[in-house]
Amino acid sequence: MTVISTNTPTSELQRLDAAHHMHPFTHGADLGKKGARVITRAEGCWLTDSDGNRILDGMAGLWCVNVGYGRRELADAAARQMQELPFYNTFFQTTHVPAIALSAKLAELAPGDLNHVFYASSGSEANDTNLRLVRTYWTEKGQPRRQNVISRWNAYHGSSVGSGSLGGMKGMHAQGGMPIPGIHHIDQPDWWSEGGDMTPEEFGLERARQLEAKIEELGPDTVAAFIAEPVQGAGGVIVPPETYWPEIQRIVKKYGILLIADEVICGFGRTGNWFGSQTMGITPDIMTIAKGLSSGYQPIGGSILSAEVAEVISGTEFNHGYTYSGHPVACAVALENIRVLQDEGVIDRVRDETGPYLTEKFQSLTDHPLVGEARIVGMMGSIALTPDKASRAAFAAEAGTAGYICRERCFANNLIMRHVGDRMIISPPLVISKDEIDTLISRAWQCLDEAHAQLEEQGLMEPRRSV
Ligand code: PXG
């Protein structure tokens, strides 16, 4: 049998990958023809591929490698835990030290009285938990009619049937019978694309008030919860206008509905605080966590519940759980990841030093002729590509064409910067240095130049005419 290793030639790895591996969110046949890039190693903020290229990872993997790659301490924590207790469940009146220690730590870090953790292995699973949890909560409170959950278009809450329904990605809903009943969506607070003639402040209020209108339309006594990311990530790093969250908070309080903050991307330092809720001044009843919880070194997610929600749920048997809920190795690695974030002052540095530095440099990209606005909080940012800055125009070409061209230039220039439609987004490891930020920005500028030239050459700089 052939041994497949990092020494296998790239073309052979690509052939085998195309023959046997199905990729998420990918047109398989197209990728099969082109060949996937094979990543073989990583250190700090840098990836190495099977051809020996060194690539600056401006996305921290998939918004998750907050402490950077190659942290020995995390590998050691996993090895120790695997030898001591590689697995035990937390179902039948049992527990173990890593789950206890991580839960206590999360209760200490989480804002307010959020102090009970229900574990999953991913953000999707955790949001599935949340859906069942908020409905069970109201049933236990004697209000079983409260089963509706309100979310937002263009939100991302995961890819399972429940979490994908909570999300507002129409392309996902079109495949496989989503959304499931009882989930409703309002519009997102994306001023650049949808704000029209309103000021950002007016627009923030208008979008928040859609929540009130939706609650009234459904009937206030039928609504269980509202779920939202403090700052939308996968939707294109959409930082809401300042008026948005206070108004949402007023509305959820007025109607007494639960607020779920999906912190899968925003949590663990991404916005310059432990949680995006702190940065945005939100008081959630439940927070979804994953990704940065372990810096992606182990698959782990969860829901952190307020004392009150936990008390109500604890009054019944909640018939829900995953084999790997509170997996000991994943918990041990998450705990070590949090220790690194704390002991090395990583989040303070993002808030006080490297975050502001990145913000200044990132905003300078708006001097580029192809860039309309730059939005950034902590270390998650996006720039809008536009053929006409003054009118905030979209391209006449199909949405995502310009973004894809720019993404291809990034790929060629060894920079990982993703596109969402015609926005380019970054979310680098939180340990990125100022020098590396300079490299990221100069490569981004180079990619924008090349994309701009290509768009002009192909006659794609035409703005879309509004009808
Ligand atoms: N909530 C949020 C806010 C997320 O960003 C999930 C839940 C689901 O987590 P899991 O661990 O089940 O994937 C996410 C995941 C992208 C991209 O292209 C973003 C995510 C996942 C895959 C791709 O930006 N976010």
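User: Where is Asn154 placed?

Analyst: In this predicted model, Asn154 is in the loop between strand S5 (148-152) and helix H7 (161-166). The backbone deserves attention there: Asn154 has a positive phi of about 70°, although it is not a glycine.

User: Which loop holds Lys291, and what is its phi?

Analyst: Lys291 is found in the loop between S9 and S10. Its phi is positive, about 35°, and Lys291 is not a glycine either. One reads such a residue together with its accessibility. The relative accessibility of Lys291 is 23%, so Lys291 counts as partly exposed.

User: Is Ser294 buried or exposed?

Analyst: Ser294 is placed in the loop between strand S9 (286-289) and strand S10 (301-306). Its relative accessibility is 0%, and therefore Ser294 counts as buried. Beyond residues up to four places away in sequence, Ser294 touches Leu74, Ile300, Val333, Ala334 and Asn337.

User: Which peptide bond is cis, and what is its omega?

Analyst: The bond that joins Met178 and Pro179 is a cis peptide bond, with omega about -5°. Pro179 lies in the loop between helix H8 (170-173) and strand S6 (183-186).

User: How should I approach a nonpolar core, and which residues touch the most other members of the largest one?

Analyst: The general idea is that, in soluble globular proteins, nonpolar side chains tend to be buried together. Here the largest nonpolar core has 67 residues, and Leu102, Leu106, Phe268, Leu293 and Leu385 touch the most other members. This core lies between domain 1 (37-67 + 345-457) and domain 2 (72-343), because both domains give residues to it. Another core, of 35 residues, lies apart from it; Tyr69, Ile186, Leu211 and Ile416 are among its members.

User: What is Leu293 in contact with, leaving aside its neighbours within four places in sequence?

Analyst: With those neighbours left aside, the contacts of Leu293 are Leu102, Leu106, Phe268, Ile300, Gly301, Ala334, Asn337 and Ile338.

User: At what angle do helix H6 and helix H13 pack, and which residues meet?

Analyst: Helix H6 (residues 123-140) and helix H13 (residues 307-314) pack at about 70°, and their axes are 9 Å apart. H6 and H13 are therefore roughly perpendicular to each other. From H6, Leu133, Thr136, Tyr137 and Glu140 meet Glu308, Val309, Val312 and Ile313 of H13. By class, the residues of this contact are five nonpolar, one polar and two charged.

User: What separation do the C-alpha atoms of Arg418 and Met59 have?

Analyst: Arg418 and Met59 are 359 residues apart along the chain, while their C-alpha atoms are separated by 7.3 Å. Arg418 is placed in strand S14 (residues 418-420), and its relative accessibility of 26% is why Arg418 counts as partly exposed. Apart from neighbours within four places in sequence, Arg418 is in contact with Met59, Leu62, Trp63, Arg407, Arg423, Met424 and Ile425.

How values were computed: Residues are numbered from 1 along each chain as its sequence is written. This is a predicted model: local features need pLDDT of at least 70, side-chain atom pairs count only at pLDDT 80 or more; totals for chains, interfaces and linings use all residues. Side-chain values use heavy atoms; hydrogens and water are left out. A nonpolar core is a set of buried Ala, Val, Leu, Ile, Met, Phe, Trp, Tyr and Cys residues joined through side-chain atoms within 4.5 Å. Buried means under 20% relative accessible area, exposed over 50%, partly exposed in between (1.4 Å probe, protein chains only). Domain bounds come from an automatic or database domain assignment. Contact means heavy atoms within 4.5 Å. Axes are lines fitted to C-alpha atoms, for helices over the stretch in contact, and angles run from 0 to 180 degrees between N-to-C directions. Helices (H or I, at least four residues) and strands (E, at least two) are DSSP runs, numbered from the N terminus. Angles under 35 degrees count as roughly parallel, over 145 as roughly antiparallel, 65 to 115 as roughly perpendicular and the rest as oblique. Ala, Val, Leu, Ile, Met, Phe, Trp, Tyr, Cys and Pro count as nonpolar, Asp, Glu, Lys and Arg as charged, and the others, Gly among them, as polar.
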